[in-house]
Amino acid sequence: STRAELHLGARILDTAAQAARAGAHLVVTPELSLCGYPPEDLVLRPAFLDACARELGALAGAVRGTTVLVGFPERVDGRRYNAVAVLRDGRIAQVYRKQCLPNYTVFDEQRYFAHGWEPTGLWSVGGVRVGVSICEDAWNPAGPILDQADSGAELIVNLNASPYAEGKLAFRERLMATRAADASCALVYVNQVGGQDELVFDGGSMVFDPHGEVIARSPQFVEDLLIVDLDIDP
């Protein structure tokens with residue numbers, strides 16, 4: 001498991017460097033990208049969480065000139081969280097903890113993680129106010145996205161690990177288009193690619209404008225670095 005995190009961390013850093021060379025202000029990776037999703041009982045092992053924390057710190061120290069969002073399992077005061085770290089200027093600038101934990105079909109997150117409860121703060125990238133959420137936070141209409149929009153978010157970023165099912169890509173597009181339009185914010189939806197145990201993750205990441213129209217998308221079943229320019233109206 002430790003070798004796996006080191007491998008994923010190196011790939012994240014390499015991809016972030018490619019994006020930075022292309023002029024990207026913000027680089028977004030999928031849900032729990034540092035360790036892969038779902039990590040299941042691995043998050044019950046303190047040594048695994050310690051290794052993830054060390055690798056995240058090393059990643060943060062190497063990030064310069066751009067902002068990188070990395071999903072990771074966090075341990076705080078004996079509780080575990082499905083979290084996103086905002087990496088910039090050689091440090092972990094901020095952490096967001098997933099609020100809506102799915103516990104149906106293939107998902108069993110309430111067994112492993114505590115609910116995030118902090119107010120959904122915003123952070124600035126290139127002068128744009130950004131709100132971050134994780135998977136079910138956007139799938140749930142009562143999730144934090146509208147709160148972030150009401151607080152002044154101009155861009156919403158949603159990190160996902162959504163497994164493939166027939167017809168699901170079209171469903172995701174309709175759902176995320178609705179979230180973007182309801183919030184009147186551009187929305188970046190990033191999904192995991194690859195296999196994990198019996199699950200297959202198909203990618204298909206998408207970027208929406210504030211009216212809910214798709215302006216860019218990644219292919220399914222292929223790992224992809226998608227560079228998108230967004231014109232954000234205040």
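Two residues are in contact when they have heavy atoms within 4.5 Å of each other. Keep that in mind as you open the viewer. The model you see is predicted: local features need pLDDT of at least 70, side-chain atom pairs count only at pLDDT 80 or more, and totals for chains, interfaces and linings use all residues. Residues are numbered from 1 along each chain as its sequence is written, and side-chain values use heavy atoms, with hydrogens and water left out.

**Stop 1: Asn 160**

Select Asn 160, which sits in strand E7. Strands (E, at least two residues) and helices (H or I, at least four) are DSSP runs, numbered from the N terminus. Is Asn 160 buried or exposed? Asn 160 is buried, because its relative accessible area is 0%. The scale used here calls a residue buried under 20% relative accessible area, exposed over 50% and partly exposed in between, with a 1.4 Å probe and protein chains only. Now show what surrounds this residue. Leaving aside neighbours within four places in sequence, Asn 160 is in contact with Pro 30, Glu 31, Cys 135, Trp 139, Tyr 189, Val 190, Asn 191 and Gln 192.

**Stop 2: the open sheet**

Stay with E7 and widen the view. Six strands form an open sheet in the order E5-E6-E7-E8-E11-E12, with mixed pairing. Two strands count as paired if DSSP finds at least two bridges between them. At the edges are E5 (123–125) and E12 (214–217), each of which pairs on one side only. From one strand to the next, the twist averages 25 degrees.

Select residues 155–160 and 186–191 next. These are E7 and E8, and they pair in the parallel sense over six bridges. At one place along them, Leu 155 stands opposite Ala 186 in E8. Helix H6 (residues 168–183) packs on this sheet, touching E7, E8, E11 (206–208) and E12, and its direction makes about 30 degrees with that of E11. Axes are lines fitted to C-alpha atoms, for helices over the stretch in contact, and angles run from 0 to 180 degrees between N-to-C directions.

Now pick Ser 184, in the loop between H6 and E8. Its phi is near 55 degrees, a positive value in a residue other than glycine. Most residues other than glycine have a negative phi, and most peptide bonds are trans. Ser 184 counts as exposed because its relative accessibility is 55%.

**Stop 3: strand E3 and its two partners**

Select residues 79–88, which make up strand E3. Eight of the 10 residues of E3 are buried, so this strand is largely enclosed by the rest of the structure. Arg 75 has Arg 80 in E3 as its bridge partner. The hairpin of E2 and E3 has two residues between the strands, and Asp 77 there takes a positive phi near 50 degrees.

Ala 83 stands opposite Arg 97 in E4. What is the phi of Asp 89, in the turn of the E3 and E4 hairpin? Asp 89 has a positive phi of about 50 degrees, and the hairpin has two residues between its strands.

**Stop 4: the loop between E1 and H2**

Go to Gly 36, in the loop between E1 (26–28) and H2 (46–62). Gly 36 counts as buried because its relative accessibility is 13%. Beyond neighbours within four places in sequence, Gly 36 is in contact with Leu 8, Gln 192 and Gln 196. Pro 38 is found in this loop between E1 and H2 too. Look at the peptide bond from Tyr 37 to Pro 38: this bond is cis, with omega near -5 degrees.

**Stop 5**

Select residues 193–196 and 199–202, strands E9 and E10, which pair in the antiparallel sense over four bridges. Val 193 has Asp 202 in E10 as its bridge partner. In this hairpin of E9 and E10, with two residues between the strands, Asp 197 takes a positive phi near 55 degrees.

**Last stop: Thr 105**

Finish at Thr 105, in the loop between E4 and H3 (109–112). Thr 105 is exposed, with a relative accessible area of 72%. Its phi is near 45 degrees, a positive value in a residue other than glycine.
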